[in-house]
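Dear colleague,

I am handing over the structure we spoke about, with the sequence beside it. Please look through it first, and then read the notes below.

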Amino acid sequence: MTERGRGALWRDRTTLRIGPSAVRWDGEVLVIDIEEQGAVLPLNVRGQVRVTPVVFGQRRFRLDPGGRHVWEPLAPQSRVDVRFSDPALSWTGTGYLDANHGSEPLEAGFADWQWSRAHLKDGSTAVMYEGQLADGAAFGMALRITPDGQAEVMEMPAPVVLPRTAWRLDRLTRADAGYTARVRATWEDTPFYSRTALSTRLWGEDVLAVHESLNMQRFATGAVQWMLPWRMPRKP
């Protein structure tokens with residue numbers, strides 16, 4: 001994740017290239033070619049990620065009343081193949097692909113959000129998305145995206161407060177009433193963002209879930225903005 005200037009950007013209908021890295025759609029597979037350097041240590045990061053959609057989402061969702069922010073679960077269930085030469089690693093698993101886009105920066109529209117997804121036995125995907133807009137209004141939805149890509153609105157399960165991260169970031173998720181959720185691993189822990197693996201129970205089924213917490217008020221602080229280039233180098 002390197003921020004680059006306008007001259008490093010090129011795109012056409014199927015390809016987006018930023019510096020030496022690129023994302024391209026070949027009609028069946030989203031191919032992500034990565035050629036970067038790590039931060040803080042400038043180690044090479046080279047490899048390819050191939051995302052093959054199994055289910056295509058059929059809807060997009062407004063996250064705010066004015067429609068300035070839109071969320072789209074593009075491929076709620078996918079096969080992911082990872083092959084890296086630097087560092088040498090490879091794996092294959094089940095994944096998920098979505099997109100957020102809008103007409104203003106995220107920090108202008110949101111105070112925070114909590115998001116999670118889990119794959120169910122029948123091929124559906126459970127997605128929970130909730131938070132607080134910048135004006136203090138709450139938003140939230142619980143979806144069951146079926147194998148044909150249709151999104152069924154479900155009753156939101158009961159709230160579960162998770163342990164704070166090492167950066168003291170609040171985390172909230174959902175589980176069936178009478179059950180709790182357990183943190184299996186915290187994959188990413190920053191002052192304003194965390195990504196977590198959970199064990200939980202949704203709609204009568206024990207599931208493994210991927211969860212994220214985002215705090216845009218923290219993101220916008222001067223201290224965090226000063227720290228960002230150490231993790232996301234900026235090159236003209």
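Buried here means under 20% relative accessible area, with over 50% counted as exposed and anything in between as partly exposed (1.4 Å probe, protein chains only). By that criterion F110 and W113 are both buried.

Please keep in mind that this is a predicted model, in which local features need pLDDT of at least 70 and side-chain atom pairs count only at pLDDT 80 or more, while totals for chains, interfaces and linings use all residues. Residues are numbered from 1 along each chain as its sequence is written, and side-chain values use heavy atoms, leaving out hydrogens and water.

On the rings: those of Phe, Tyr and Trp (its six-membered ring) pair if their centres lie within 6.5 Å, and planes under 30 degrees apart count as stacked, over 60 as edge-to-face and the rest as tilted. The whole structure holds 10 aromatic pairs. One of them joins Y96 and W115, tilted at 55° between the planes and 5.3 Å centre to centre, and both of these residues are buried. The rings of F110 and W113 have planes at 85° and centres 5.2 Å apart, so that pair is edge-to-face. Ring pairs also link F61, W71, F110, W113, Y129 and F139 into a cluster.

On the core: a nonpolar core is a set of buried Ala, Val, Leu, Ile, Met, Phe, Trp, Tyr and Cys residues joined through side-chain atoms within 4.5 Å. The largest has 23 residues, of which W71, W115 and Y129 touch the most other members.

Best regards
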